[in-house]
Amino acid sequence: MLEIISQLIEIQRLDNLIADAEAKLAGQPEYVKKAQNELDKAQAAFDEFNRKYEKDLAAKIQVEAAYEEGKALLDKAQKKLPEVKNNKEYEAVLKEMDTLKKNVYESELKLIELTEAVDKYKAENQSVIDQLEKMKQELESTRTQKDEENSELISGLAADKAAREVAVKVVKKPMLSKYERIRDARNNLAVVRVENETCTGCCIKIPPQLYVEVKKDKELLQCPNCQRFLYALPEDNNAEN
């Protein structure tokens, strides 16, 4: 194979490895995303749990105060009864007591309901906290796994970049610049194989004479459509002979 083609193929191989490693390092594996989503759900459930608890607890305190106040007023009204001097006052006190009894009763029912709700929250609180902690640990575990994978990727990336620095030194700067321009414009792919008179980069058939010249492997040639450098493997020539 023409030496320059071999050199460019090796540079491109390293470029592909580097691009793949950098993409993986920049991205987030699916298992990390899943663990993060589970933690987000658990955190949202915990926040909603606390919001309802705080709301019911505040309501309970308010109802307790109203209940105690109602009881005090009812007790005060009951003490008024022996002191009333006529039927009109007596009826007024009785009416007031009826209203207070109703309020106290309703407050008592609401207080029972809220007390049960608050007690339930307290009983379930540890379970919710444990679930949240479990999700945090699972996320931490996946991040540790990703860090281990990243360590291997970073090590491999450094080795590939070092190998690339060596590989590009044997290619003349004008040719290397041309390769870089094509690679940047063509999705990181500047050197491609020709198969059955077709450029495997753009999947367009090349002129028959160009295909013949590529197989001769005497000079560096480019696809007239995508401008990528072309090469043919020995087996391509053997298959047609």
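What follows covers the nonpolar cores, then the cysteines.

This is a predicted model: local features need pLDDT of at least 70, side-chain atom pairs count only at pLDDT 80 or more, and totals for chains, interfaces and linings use all residues. Residues are numbered from 1 along each chain as its sequence is written, and side-chain values use heavy atoms, with hydrogens and water left out.

Start with the packing. A nonpolar core here is a set of buried Ala, Val, Leu, Ile, Met, Phe, Trp, Tyr and Cys residues joined through side-chain atoms within 4.5 Å. Buried means under 20% relative accessible area, exposed over 50%, and partly exposed in between (1.4 Å probe, protein chains only). The largest such core holds 15 residues. Leu8, Ile11, Leu176, Tyr179, Val191 and Phe229 have the most contacts inside it. Two or more residues come from each of helix H1 (3–26), helix H3 (87–168), helix H4 (173–185) and strand S4 (229–231). Helices (H or I, at least four residues) and strands (E, at least two) are DSSP runs, numbered from the N terminus. H1 gives the most to this core, four residues.

Look at Val191. Leaving out residues up to four places away in sequence, Val191 touches Leu8, Ile9, Gln12, Tyr179, Phe229 and Tyr231 (contact: heavy atoms within 4.5 Å). A second, separate core has 13 residues, among them Val32, Leu39, Ala42 and Leu139.

Now the cysteines. The whole structure contains zero disulfides (pairs of cysteine sulfur atoms within 2.5 Å). For Cys202, the nearest cysteine sulfur belongs to Cys223, 3.7 Å away. Cys202 is partly exposed, at 21% relative accessible area. For Cys203, the nearest cysteine sulfur is that of Cys202, 6.8 Å away. Cys203 is exposed, at 60%.
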